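Here is a friendly note for a first look at this structure. Please keep the sequence and the 3D view open as you read the points below.

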Amino acid sequence: MRKIWLALLSMMLLSSFSLKADWWGDKYSMFVHYGLYSIPAGVWNGNPVKEGYSEQILTFGIGFSDWYEAYTREFDAKNFDAEDIVALAKKAGMRSVVMTAKHHDGFCLFHTQTTSYNSFDGTPARRDLIGELAEACHRNGLGFGIYFSLIDWHFPAAVPFSSHNADPITPAHHEYNMAQVTELLTKYGAVDELWFDMGSLLPAQSEELYRLVHKLQPKCMVSGRLGNDYADFCVMPDNQFPDYDMILPWQTAASIFPETWGYRSWQERGEVSTKVNEKLEDLVNVVSRGGKYLLNIGPMGDGGIVPFEYEVLSAIGKELEPISEAIYNTLPTPYEVSTDVPSATLSQDKKDLYLFFRKDRHATVLPRTLTPIKEAKILNAKGNVKIIRQKGASLTLDIEGQRPYFTVVKVTFDEPLRVDKPICQHKTLSPLNATPLYAQSAVDYYSGFRSILGYQWHLPSVGEKFKVAFTDGELGRKFVLRLDENEDVTHTFVSEQTKTVKFNPKTIKWQALNVVIQRGLFGSVSDAILSHRLSDKVKWQAQPMTMKYESDVYDRTAVYLRYEIEAQQAVELPLRLSYRDGLLIYLDGTYFEGDLARPMDDKSVSTRTVLIPLSKGKHTLLFKVYSRWGGLLGFSMESLTEYHRHTMTLPVPSMFARPTTLSIIKEKSVPLASPARLNNVRVVK
């Protein structure tokens, strides 16, 4: 899987690296949220505003735009110093800075010709703060990035104005955004990253902005929050990171405190050491899983850096100094996230493995490690490492002077590290015996979910050819076949032989249906839901058996339909599924497939055929049906009595008599993170 991951990554990033920064290799960057909202600092009429983020105090506390916009008279930014921000970023070990050019309130921190509601024309400051930060970053060799809100509470044509911040963008508002993005990308030199946020754009709007960015700044990386998967990297939900591997570049944006991004004067900050430990652990988790960590600060109303945040970032930087080689320009851990191996990274040449031991741990076993260890040493403490070769390698640390956070061990190999992978012995390769290749797809913030871009199998050997079986839904589509480190080969699903497969619905007994309704993010499914537990928040209700469900719901609402079924024999269950918005499928508690339709109304219906491979016996089939906009939520399912199975033969460029990795993935083109829909494909060896 790692080889596929690197191949995809290289293709995406070779043309996207900035001259001053290697976007993906930098691993760790600073986020800055500063604006008018920094002046009230989470307080209105003398009372703390506890609902919502403090940078959204206009909607959660103040309410009236004229009252909020009066803060322009106080905005002098007298203690905002771009050099101080850059100096702190460098001290913290960060390689770039991303700052809010415009947040949801519509107030611009740059001198724009589109509105006088900006820090130069509309305040006593009379300063272009984005320009100042751009100059400081370029002068000091840091990457420079810009945050840009796609919603705007000040622009008259930016309607509607909803609490969830994921409203559609009107044509006039879209043109306004295009004009401001053009200014930002033509006035300040190299821009390494454009961090779009919120709104729910039409696919054509996302594409137009994406192509505008790359026309004006070809090396600029575009964030996944632009929507509709027109992006160069995926962005996780705020302060979250995946518990699974992803094959596309991704980023976690994190705040010092999860309650807010903008300055909050009454925030309970706690101990510096506690916060340092928390953020260091998050950084290590993100980097070890192949991501990039974007950690936020929220300057005070006068632009000065909060002392607590200065101390936390400085302490993190001090901890990173002796272990920098274990963080920057590294590959993700070669071990599965679910294993008991400590968080780890790998050098580019794969000859150095870096293990992050928490202070309460002194030993580990590296499972299925085939490459002999040359040496192991501790990078940030005095002490020794004892190595015992067993089934894999056992490492025991003898440390003199325990580190307060992580002890980092560098394990060096004579040759690139090889980790044995379980061999797939099945004659027919399907999603159930594959390793899914994941990304994070998102139409908008609330609709992000784990998309499957392809499947991978580790085979004992490879013969002269494969036979690929597929359904009508794949006909004419392109896909990529890859064997180990050979070049990707693009194919088209073309039917060489077609067979009508008959299915007897009586082979499946539909025994029970339970339903629960919840609101929240589309891609989030709790353990209580997956394990079918009852709790205060999960109250399953038994329903009469039905293949159709409709309900009038609020926006961002999901209905979970849990079917208990029994297969009389091993079968491929052909289901025609119809849904209006989002759909996630779980088979026996394991994620099987996900999709989000792209309509902007509740009348369009998406229909697709899915083959569910079932072994003989009892199974649980869980559907999460999601409505972004509310209204009529609809889902129906039909068990087909027949479907077409097409087959084609793929020649293998060269035979492999040794274990080989086979992958089938979607064609590499934007929108990159959208699901491949290859779950009906079967490969016969």
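A residue counts as buried when its relative accessible area is under 20%. By that cut-off Asp595 is buried, because its relative accessible area is 5%. Please bear in mind throughout that this is a predicted model.

1. **A salt bridge at Asp595.** Let us stay with Asp595 for a moment. Its side chain meets that of Arg677 in a salt bridge, with 2.5 Å from N to O. Asp595 belongs to strand S32 (residues 590–596), while Arg677 sits in the loop between strand S37 (660–666) and strand S38 (682–684), so the pair ties together parts that are 82 residues apart in sequence. Arg677, with a relative accessible area of 31%, is partly exposed.

2. **Other salt bridges.** How many salt bridges does a search of the whole structure find? The search gives 24. Some of them share partners, and in this way Lys275, Glu278, Lys279 and Asp282 are joined into one network. Side chains of opposite charge can pair when their charged atoms come close.

3. Arg211 and Glu207 form a salt bridge through their side chains, at 3.0 Å from N to O. Both lie in helix H8 (residues 203–216), 4 residues apart, which is about one turn of the helix. An α-helix has 3.6 residues a turn, so residues three or four places apart point the same way. Arg211 is partly exposed at a relative accessible area of 44%, and Glu207 is also partly exposed, at 27%.

4. **A pair between loops.** Asp238 and Arg225 make another salt bridge, and their closest N and O atoms are 2.8 Å apart. Here the pair links distant parts of the chain, 13 residues apart: Asp238 is in the loop between S8 and strand S9 (250–254), and Arg225 is in the loop between S7 and S8. Are these two buried or exposed? Both Asp238 and Arg225 are buried.

5. **The parallel sheet.** Now look for an open sheet of 8 strands, in the order S7-S6-S5-S4-S1-S10-S9-S8, with parallel pairing. Strand S7 (221–222) and strand S8 (234–235) stand at the edges with a single partner strand each, so one side of each has no neighbour in the sheet. Within the sheet, strand S5 (residues 143–149) pairs with strand S6 (residues 193–197) over 5 bridges in the parallel sense. Ser149 is found opposite Asp197 in S6.

6. **Helices on that sheet.** Helix H7 (residues 171–187) packs on the sheet and touches S4, S5 and S6, its direction making about 165° with that of S5. Helix H5 (residues 82–91) lies across strand S1 (28–32) and strand S4 (96–102), and runs at about 150° to S1.

7. **Helix H6.** Asp128 caps the N-terminal end of H6, with a side-chain oxygen 3.3 Å from the backbone nitrogen of Ile130. After H6 comes Gly141, whose phi is positive, near 75°. The buried residues in H6 include Leu129, Ile130, Leu133 and Cys137. Which elements cover the buried residues of H6? Among them are H5, S4, S5 and H7.

8. **Strand S30 and its partners.** In strand S30 (residues 571–579), 7 of the 9 residues are buried, so the strand is largely enclosed by the rest of the structure. S30 runs antiparallel to strand S33 (residues 606–614), joined to it by 9 bridges, and Pro574 stands opposite Leu611 in S33. Strand S35 (residues 631–639) is also antiparallel to S30, with 5 bridges between them. There, Leu577 has Met637 in S35 as its bridge partner.

9. **Thr620.** Finally, please find Thr620 in strand S34 (residues 617–627). Thr620 is buried, because its relative accessible area is 11%. Its side chain makes a polar contact of 3.0 Å with the side chain of Glu564. Leaving aside neighbours within four places in sequence, the contacts of Thr620 include His532, Arg562, Tyr563, Glu564 and Tyr586.

Methods
Residues numbered from 1 in each chain as written. Predicted model: local features only at pLDDT ≥ 70, side-chain atom pairs only at ≥ 80, totals over all residues. Heavy atoms only, no water. Helix = DSSP H or I, 4+ residues; strand = E, 2+ residues; numbered from the N terminus. Buried < 20%, exposed > 50% of the residue type's maximum accessible area, 1.4 Å probe, protein only. Polar contact = N/O pair within 3.5 Å; in protein donor to acceptor, adjacent residues only side chain to side chain. Contact = heavy atoms within 4.5 Å. Pairing = 2+ DSSP bridges. Axes fitted to C-alpha atoms, helices over the stretch in contact; angles between N-to-C directions. Salt bridge = Lys/Arg side-chain N within 4 Å of Asp/Glu carboxyl O.
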